[in-house]
Amino acid sequence: MKKTVSILLTLTLLLCVSPAYAAFTDMDGKNEETVNAVNLLYEKNYISGRSDTEFDPDAGISRAEFAAVMLRMLGNMGENRPYYLKDVTKDKWYYYVAGSAAETGMMSGFEDGTFRGDDAIPKIQAAAIATRVLKDNTGADEGSESIPWIESLPEWAVGNVKTAANAGIIDKNEAFNSDSEITRGEAAVMVARVYDKLKDVRAMTDYTENYETRRPPITIVIDPGHGIDSGLTSTEKRLDDGWIYNSDYNQWGEWRHWKSGEFWHDCEGYGCIQKGDCWYRMENGDRETEPSINLRNAQSAANYLESIGYEVRITRGADDNPSMTKRLVYCYPNNDVNAVADADFFVCLHSNAGGGRGSAYIELSGAYDQTRINPDYAYIGNTLGKYINDEIVAQTSVSEYAGGVISGMPELVLFCKSPVPIAYLEIGFYDNPSDLEILNSEYDMIGKAVADGIDKYCRDTAMKTD
Ligand SMILES: [Zn+2]
C-alpha cells in the first residue's frame with residue numbers, strides 16, 4: 001500500500017513539474033507573441049535553447065540554423081546531400097540540413113556555389129525563405145497594396161517580401177533593409193506565423209528525428225588497377241573510357257596533369273609545374289592476369305566495407321579499361337566533376353610483377369604541389385596505405401615486400417590528378433607462382449584485410465566513431 005502511494009505521488013509530481021512549455025529564464029520583457037512562439041517551437045522540437053534555461057532571444061541566428069528550424073517544422077529533413085554546395089563539407093553539423101534545404105527548393109545557395117551556413121541570416125533572406133515555404137503550401141500571393149519600403153529592396157526579394165507582408169508573416173509597418181539582422185526571438189515569431197498558416201492546410205507533426213547529429217557515410221573509391229587490353233578496344237570504347245587521341249604523337253593516352261591553378265582542366269603539355277612528362281601513353285596489351293585479380297580483390301573489399309557502413313564506388317567493371325582521369329570521376333557526387341569531390345579516399349588495388357614476393361604500398365614522397373587539395377594529401381594517403389598493407393600482411397598469407405613501402409613515384413597520373421588522398425597498394429606479385437596461388441585462393445581474406453585497414457584508419461583518426 002505504501003509503495004502504491006509513493007508511486008502515485010511521484011507520478012503526480014512529475015506531471016506537475018514537467019512543463020508543457022519551455023522554462024527559459026531569459027524571456028523577460030519579450031512580448032506575448034514572442035514568448036508563445038518560442039514555447040510552441042520548443043514544444044514541437046523545432047528549435048532548442050542555447051542551454052536548458054536560456055533561449056538567447058536577442059542573439060542572431062545562422063542561415064543553417066534557420067533552415068533547420070523550417071525543415072523540422074515541415075518534416076522535410078532527410079539524408080539529402082548538398083552535392084553542389086561547395087562549402088558544406090562532411091564535417092559540418094548542417095550537412096543534411098543544407099542538402100534538404102536545397103532539395104526542397106527552400107534555399108539554393110549563392111551564385112558562387114556556397115551555402116554560407118554559419119553566416120547570420122539577414123531578415124530579408126529569412127522572409128524570402130518563409131515565403132517560399134508558404135507559397136509551396138498555401139495560395140499566398142503579393143496582394144495589390146503598394147508598400148514603398150519593400151519596393152526599394154533588391155529586385156530578387158521584392159515579390160517574396162511583399163507576399164510575406166501580405167500574408168502577415170512580417171509586419172508591413174516595420175521596414176527593414178538588406179542588411180537588417182533577425183534575432184532568434186524574431187525568427188521564432190516568423191516561423192510560428194508560418195506554422196499558423198500551414199496548420200490549416202497540412203498535418204503538422206513534432207520533430208522526432210535527429211539528422212543534425214547524423215554523419216554522412218565515409219566514401220571510399222576503390223580502383224581495381226588496369227583493365228581489358230586497350231589495344232583490342234574500338235575507338236568508341238577508348239573515347240568512352242576517357243582516352244584522348246593525340247595527333248602530334250600519333251598516340252592514345254591522357255594528360256598527366258591539371259593546368260596549374262585550373263583544377264579539372266588538362267595541362268595539355270604546357271604551363272605545368274607538376275611532375276613527370278605531361279603526356280601519359282595508353283598502354284596496349286595490358287597484363288592478362290592482373291586486371292581480374294585486382295577486380296576480385298576490389299569487389300571483396302567493397303563487400304566488406306559496405307557491410308560495416310561505408311559507401312563504396314568502384315571505378316571499373318570487367319570489360320573496361322578507363323583512363324586514370326576517368327577513374328577519378330568517381331571521387332565526385334554523381335560523377336559530376338563540377339561539384340565538390342565528396343569521396344574521402346581513393347584506394348588503388350594493384351598486384352606487382354617483375355621479381356619479388358609480397359605486398360607493399362606506394363608512398364607519395366617529396367614536396368608535393370598538387371593544386372586545390374588537402375595540404376596533408378600525401379601524408380594521409382601514405383598513412384592509409386600503410387594501415388591497409390599492415391592488415392594484408394597480418395591477415396593473409398601474403399608476406400611483406402621491401403619493408404612494406406615502395407617509395408617515390410609522384411609522377412603517377414592518379415597522384416597528379418586526384419582531388420582526394422590516395423592509398424596505392426601493390427598486393428603480391430602475380431608473376432610469382434607462390435603469390436599467384438595466394439591471390440587466387442585468398443582474395444576474400446585480402447578484401448577483408450583491405451576493408452579492415454581502412455576501418456582501422458578511420459577509427460584511429462576519429463573519422464568513424466559509431
Ligand atoms: Zn603537364
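User: Before we start, how are the residues numbered, and what confidence do local features need?
Analyst: Residues count from 1 along each chain as its sequence is written. This is a predicted model, where totals for chains, interfaces and linings use all residues and side-chain atom pairs count only at pLDDT 80 or more, while local features need pLDDT of at least 70.

User: How far apart are the C-alpha centres of domain 1 and domain 2?
Analyst: The bounds come from an automatic or database domain assignment. That assignment gives domain 1 as 2–121 + 182–213 and domain 2 as 219–460. Their C-alpha centres lie apart by 44 Å.

User: By class, which residues does domain 1 put on the side that touches domain 2?
Analyst: Contact here means that two C-beta atoms, placed from the backbone, lie within 7 Å. Four residues of domain 1 touch four of domain 2 on that basis. For the classes, Ala, Val, Leu, Ile, Met, Phe, Trp, Tyr, Cys and Pro count as nonpolar, Asp, Glu, Lys and Arg as charged, and the others, Gly among them, as polar. The domain 1 side then comes out as no polar, two charged and two nonpolar residues.

User: What do the buried residues of H2 pack against?
Analyst: The buried set in H2 is Thr34, Val35, Ala37, Val38, Asn39 and Leu41. Those residues pack against H3 and H8.

User: What span should H10 have, and what is the distance between its end C-alpha atoms?
Analyst: The expected span is 1.5 Å times one less than the number of residues. H10 (residues 290–307) has 18 residues, so it should span 26 Å. Its end C-alpha atoms agree with that, at 26 Å.

User: Is Trp264 buried or partly exposed?
Analyst: Most residues other than glycine have a negative phi. Trp264, in strand E5 (residues 262–266), has a positive phi of about 65 degrees. With 16 other C-beta atoms within 10 Å, Trp264 is partly exposed.

User: Is Asn334 buried or exposed?
Analyst: Asn334 also has a positive phi, near 55 degrees, and lies in the loop between H11 and E8. Because Asn334 has 10 C-beta neighbours inside 10 Å, it counts as exposed.

User: How many residues of E1 are buried?
Analyst: In a regular strand the side chains alternate between the two faces of the sheet. In E1, Thr219, Val221 and Asp223 sit on one side and Ile220, Ile222 and Pro224 on the other, with both faces covered. E1 is largely enclosed by the rest of the structure, so the count of buried residues is six of the six.

User: Which residue in E8 is the bridge partner of Pro224?
Analyst: Strands pair if DSSP finds at least two bridges between them. E1 runs parallel to E7 with four bridges, and it pairs with E8, also in the parallel sense, over five bridges. In E8, Pro224 is partnered by Leu349.

User: Which residues does Arg327 contact, leaving aside neighbours within four places in sequence?
Analyst: Arg327 sits in helix H11 (residues 324–328) and is buried, with 27 other C-beta atoms within 10 Å. The C-alpha atoms of Arg327 and Thr315 are separated by 5.2 Å, although the two are twelve residues apart along the chain. Its contacts are Asp223, Thr315, Arg316 and Pro322.

Definitions and conventions:
Helix = DSSP H or I, 4+ residues; strand = E, 2+ residues; numbered from the N terminus. Buried ≥ 20, exposed ≤ 12 C-beta atoms within 10 Å, placed from the backbone.
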